[in-house]
Amino acid sequence: MGQRMPVDAPPLREAGEDLGWGFAEQETRLWPALGKLPGPSTLVRQRGLLAAAAVHPTRRAAAHPASVCQPGAMRCSLKRFLMAVLAASFLLLLLFLLHGGSQQEQDPLEVELRGLTPEMILEMLQPGGAQHILRDMDDLSALHNVSYHLLAGSLAPRKKFLAVGLASVQRPRGYYLPDTLQSLFKQSTEEELQEMVVVVHLADADPMWNMRVAANIIRKFAHHILLGRLLLIHVPHEFYPTLEGLKRNYNDPEERVRFRSKQNVDYAFLLAFAANLSSYYLMIEDDVWCAKSFLTAIRKALASREGSNWATLEFSKLGYIGKLYRSSDLPRLARFLLLFYQEMPCDWLLVHFRLLLTQKDVIRFKPSLFQHMGLYSSFQGTINRLEDDEFQADALDLPDNPPAALFTSMSVFENYEPLKAYSTAEGYFWGKDPAAGSVFSVVFHQPARITRVRVRTGSDERRGDFLHAGVLELGRQRRADGRDCSAYTTVGTFEKGTFEQRGLERGVPGPVECVRIRVTQDQSEWLIIQSIDIWTAAGT
């Protein structure tokens, strides 16, 4: 390919060489590991034989004469004949799908691949004649000489908007990876899928499990693999640091330390691979549901933070589900995880990384876009019923919350400021001694046409601290001090601490400048306002 190999690089295996896993693999080598996006001469897009045959059918026969029956040659075996027929059928399906054929309820490719062995499926989707991909990277010595086996898929010729990365290992109980992938693809529109690539690191130490899972995923998601939307990768065990005799911080059992340390390395290798695939990287686990059009919601969240400095944006409050990073930060994050892989769990390290990049506060968008669905943990198969109570299934229904200043007549408890009820800041507002006439005001920087408002008060921990009696008002004629409005219209009352009303533009036509919560009855309990969500008409 015209690339000069580093002097310390072992020779690349021939493409398709059997590595003892029962199927042909491809390699991606990183020398030294991460860095700038390589140019066209450095990064060669990989094409499988079937995809190549769609463009150059004669080239395939010339390159692999042994796979074609020649006149006067020995009679083809029945198996080879069946494989040729199957490949031809597969090619017709491929052409149909790649040229506008609509997907049916059940993908015809899945039907075509059903009943084949894992080795045959892997060979058809990633045949032995596929080209190597060589990337020259620099300035990340922690990942020198890491070899990636690309089990399925091909790298796109251009960066996507979003790469979604997840690592998967064998669980003692439960298997959720196909459902997670199905949710990622099904909850995205065709336009969103064109701007996204999903990378799965099959990181189990058992090569046979990796092979079976890869074949299963290829069978179910062949359409997305062929369109470059899904990549399956694996890093062989010999590239891992030692996982024996590690420090037992926090008095964790040795087995637990080994599990979480390997998990850190799994994610480090995944981050390293994904660094040049997209502009942004989303970290999830292999057992989550996704909100509808989550990619569009992430775009919207990024637009709201344009021009600001951030290291991590969060779209779930659980572990390391829904963590968004700039891809330019992935090399540092990969190196960070490798450097401290044995010290603490991955989610703790991610917090330290955020703080080191000088983002003091958590920036979490609500409602959550991702929900944990697995019942059994990947560690020892223990039951894990963890769920995100702020998950919302439809991301297109996210609020707008126009820029505003917030004020209250109530005394604020500690650092539970009004802004936490309205912005992406972690936490909520907590006011002392609410009485009849106490107010909480949202004063917009610019007038807005309000269509819908939703307010949630109280919490699971402090069940009595909700708004027992109150109304919601829309205001006009902002005062000179900018802290309130002079004229208000009451649009509804709170029921059991919650207010939600749509169609407000019909009752209060024209733009408004304030939204106010007014307490109408004394209460002995304090008041928690969890969230204030406001939707506006298009163009405002």
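User: Is Q342 buried or exposed?

Analyst: This is a predicted model, so keep that in mind throughout. Burial is read from relative accessible area, and under 20% counts as buried. Q342 has a relative accessible area of 19%, so Q342 is buried.

User: Where does Q342 sit, and what does Q342 touch?

Analyst: Q342 is in the loop between α12 and α13. Set aside residues up to four places away in sequence. Q342 then touches L246, K247, N249, R260 and S261.

User: How do I read the packing of α12 and α13, and at what angle do they pack?

Analyst: Look at the angle between the axes, then at how far apart the axes are. Helix α12 covers residues 330-339, and helix α13 covers residues 346-356. They pack at about 130°, with axes 10 Å apart. Angles over 145 degrees would count as roughly antiparallel. The two helices are therefore oblique to each other. The crossing of α12 past α13 is right-handed.

User: Which residues of α12 and α13 meet?

Analyst: From α12 come R332, L333, F336 and L337. From α13 come C346, L349, L350, H352, F353 and L356. By class, that contact has eight nonpolar residues, one polar and one charged.

User: Why do residues three or four places apart point the same way in an α-helix?

Analyst: An α-helix has 3.6 residues a turn, so residues three or four places apart point the same way. Now look at α12 here. L333, F336 and L337 are among its residues that meet α13.

User: How many residues of α12 are buried, and which ones are they?

Analyst: For a whole helix, count its buried residues against its length. Seven of the 10 residues of α12 are buried, so α12 is largely enclosed by the rest of the structure. The buried ones are L330, P331, L333, A334, F336, L337 and L338.

User: What covers the buried residues of α12?

Analyst: The cover includes two helices, α10 (254-274) and α13. It also includes two strands, β7 (278-283) and β10 (323-326).

User: Take another helix pair. At what angle do α6 and α8 pack?

Analyst: Use the angle and the axis separation again. Helix α6 (residues 177-186) and helix α8 (residues 207-220) pack at about 30°, with axes 11 Å apart. That makes α6 roughly parallel to α8. α6 passes α8 in a right-handed crossing.

User: Which residues of α6 and α8 meet?

Analyst: L177, P178 and L181 in α6 meet V213, N216, I217 and K220 in α8. By class, the contact has five nonpolar residues, one polar and one charged.

User: Where does A421 lie, and is A421 buried or exposed?

Analyst: A421 is in the loop between β13 (411-412) and β14 (429-432). Its relative accessibility is 4%, so A421 counts as buried.

User: What is A421 in contact with?

Analyst: Read sequence separation and spatial separation side by side. A421 and S531 are 110 residues apart along the chain, yet their C-alpha atoms are separated by 4.5 Å. Leaving aside neighbours within four places in sequence, A421 is in contact with F429, F440, I529, Q530, S531 and I532.

User: Now the whole chain. How many helices and strands are there?

Analyst: There are 14 helices and 21 strands in the protein chain. Buried residues make up 52% of its 540 residues. The chain exposes about 24900 Å², and carbon and sulfur atoms supply 52% of that area.

User: What share of contacts joins residues at least 24 apart?

Analyst: Take contacts between residues at least 6 apart in sequence. Of these, 78% join residues at least 24 apart.

Methods
Residues numbered from 1 in each chain as written. Predicted model: local features only at pLDDT ≥ 70, side-chain atom pairs only at ≥ 80, totals over all residues. Heavy atoms only, no water. Axes fitted to C-alpha atoms, helices over the stretch in contact; angles between N-to-C directions. Helix = DSSP H or I, 4+ residues; strand = E, 2+ residues; numbered from the N terminus. Parallel < 35°, antiparallel > 145°, perpendicular 65-115°, else oblique. Left-handed = near helix turned anticlockwise from the far one by under 90°. Contact = heavy atoms within 4.5 Å. Nonpolar A, V, L, I, M, F, W, Y, C, P; charged D, E, K, R; others polar. Buried < 20%, exposed > 50% of the residue type's maximum accessible area, 1.4 Å probe, protein only. Areas by Shrake-Rupley, 256 points an atom, 1.4 Å probe, with all protein chains shown as cover.
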